[in-house]
Amino acid sequence: MNKFFFKSAKINEFRLWGLVFTLIGMGVMILGTAGIVFWGQAGKIMAAIFMVIGMISLLISVAVYFWAGMMSTSATMLECPECGKPTKMLGQTDRCMFCKTILTLDPAQATHGHTHTTTK
Ligand SMILES: [Zn+2]
């Protein structure tokens, strides 16, 4: 429990992964195209392979963005007890999008025995 890749809100993490895959996809496609310049005929095969990898990466990023959009529609809106800003949380436990405080809807995990309590 309470494991987060980048110590940020889950929605922000999804956006970050989407961005990572977009950048990888574009980077790979640019590298593939550059391969034609550097290796000529042999580079064309490499470029084709890189293009496919790039396309797959871009498709993954679209899927991640789409998924994030779907998730955010079912996210719980609440006011962060730490910074007072309205934030969204996914699932039972998530971090505040602004102050990164861990928020939970599970009373068993809450430190003060009522919902929306925080644990640092
Ligand atoms: Zn907050």
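From the N terminus on, the elements of the protein chain run α-α-β-β-β-β-β, where helices (H or I, at least four residues) and strands (E, at least two) are DSSP runs, numbered from the N terminus. This is a predicted model, in which local features need pLDDT of at least 70 and side-chain atom pairs count only at pLDDT 80 or more, while totals for chains, interfaces and linings use all residues. Residues are numbered from 1 along each chain as its sequence is written. Buried residues make up 21% of the 120 residues in the protein chain; a residue is buried if 20 or more other C-beta atoms lie within 10 Å of its own, exposed if 12 or fewer, and partly exposed in between, with C-beta atoms placed from the backbone.

**The helices**

- In an unreviewed entry, UniProt lists residues 16–39 and 45–68 under "transmembrane region", and such annotations may be inferred rather than shown by experiment.
- Over residues 16–39 the chain is 100% helix and 0% strand, with end C-alpha atoms 34 Å apart, and over residues 45–68 it is also 100% helix and 0% strand, with end C-alpha atoms 35 Å apart.
- Helix 2 (residues 41–73) has 33 residues and should span 48 Å at 1.5 Å a residue, which agrees with its end C-alpha atoms being 49 Å apart; the expected span is 1.5 Å times one less than the number of residues.
- The buried residues of helix 2 are A47, F50, G54, S57, S61, V64 and A68, and what covers them includes helix 1 (10–39).
- An α-helix has 3.6 residues a turn, so residues three or four places apart point the same way.

- T76 has M89 in strand 2 as its bridge partner.
- Six residues lie between the two strands of this hairpin, in which G84 takes a positive phi near 75°.

**The surroundings of C99**

- C99 lies in the loop between strand 3 (93–95) and strand 4 (102–104), and it counts as partly exposed because it has 15 C-beta neighbours inside 10 Å.
- Leaving aside its neighbours within four places in sequence, C99 is in contact with C80, E82 and C83, contact meaning that the C-beta atoms of two residues, placed from the backbone, lie within 7 Å.
- From C-alpha to C-alpha, C99 and E82 are 7.5 Å apart in space, although they are 17 residues apart in sequence.

Note on methods:
Two strands pair if DSSP finds at least two bridges between them.
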